[in-house]
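Student: Here's a model I'd like to go through with you. Can we check the labels against their cut-offs as we go?

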Amino acid sequence: MGNFATLVNANPELDKIKAAGVPVAFIRDQDFTKTALEQRLERSTFDIVHLATHGQFGDKPEDTFILAADGKIPLDQFSQLFRRQQSTTTQGIELLLLSACRTATGSNRAVLGIAGAAIQAGTQSAIASLWSLDDLSSVTFTEAFYQHLGQPGVSRAEALRRAQQAMLQDANYQAPLFWAAYVLVGSWF
């Protein structure tokens, strides 16, 4: 869509989540629309929501969005989706992982960008990126993160640290460009 490149590794990234044993309900490819996401969040309870898509933070609210197959989901609508989910279920989302570029960057108007907006909307914590992500390295990060998160007694912060360490040990991803972009906002546990 538009000037955004196809994320050829989004499906392999999602497959790694399933392989890690995390209970999953996918909305893939052209099925990932604003309406599909809204319906899924309203009808089901999820501990974790993982979005492998494009995201952008801009100086103006209309320039800040997550990209779905049918277009942009602006920041205000994105926040409303999570507020509604929290109000319609007994349990809110514990973790939102935004595998999308620059979703943790912000301004004086919106500290921590899209991730910060998700926290304000009721998500307990969010993992997001400070700069553009490499599509292939996101698969490696995702696999390591969910493998560690699924271990007894491993907090979100510890799973993030271990995933970053795993990337440091991979000769292809030792540069901070690949592993240091990820930040955890909200609850670390």
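Student: What makes S2, S3 and S4 an open sheet with antiparallel pairing?
Tutor: This is a predicted model, and its three strands come in the order S2-S3-S4, paired antiparallel. The edges are S2 (55-56) and S4 (71-74), each pairing on one side only.

Student: How do you know that S2 pairs with S3?
Tutor: Pairing takes at least two bridges. Two bridges join S2 to S3 (residues 65-68), so the pair meets that cut-off. In one of them, Gln-56 has Phe-65 of S3 as its bridge partner.

Student: What lines the largest pocket?
Tutor: The lining has 43 residues, with Leu-14, Ile-27, His-50, Leu-51 and Ala-52 nearest the centre. The pocket's volume is about 1,100 Å³. S1 gives the most to the lining, five residues.

Student: What makes Leu-96 a member of the largest nonpolar core?
Tutor: Members are buried nonpolar residues joined through side-chain atoms within 4.5 Å, and buried means under 20% relative accessible area. Leu-96 is one of the 27 members, so Leu-96 is under that 20% limit. Leu-96 is also among those touching the most other members, as are Val-49 and Phe-82.

Student: Which residues does Leu-96 contact, leaving aside neighbours within four places in sequence?
Tutor: They include Val-49, Leu-51, Phe-78, Phe-82 and Ala-118.

How values were computed:
Residues are numbered from 1 along each chain as its sequence is written. This is a predicted model: local features need pLDDT of at least 70, side-chain atom pairs count only at pLDDT 80 or more; totals for chains, interfaces and linings use all residues. Side-chain values use heavy atoms; hydrogens and water are left out. Helices (H or I, at least four residues) and strands (E, at least two) are DSSP runs, numbered from the N terminus. On a 1 Å grid over the protein atoms alone, a cavity is a set of points where a 1.4 Å probe fits but cannot get out, and a pocket is an open set with protein on both sides within 12 Å along at least five of seven lines; lining residues have an atom within 4 Å of a point. Grid points are joined across faces, edges and corners, and a volume is the space filled by probe spheres set on the points. Buried means under 20% relative accessible area, exposed over 50%, partly exposed in between (1.4 Å probe, protein chains only). Contact means heavy atoms within 4.5 Å.
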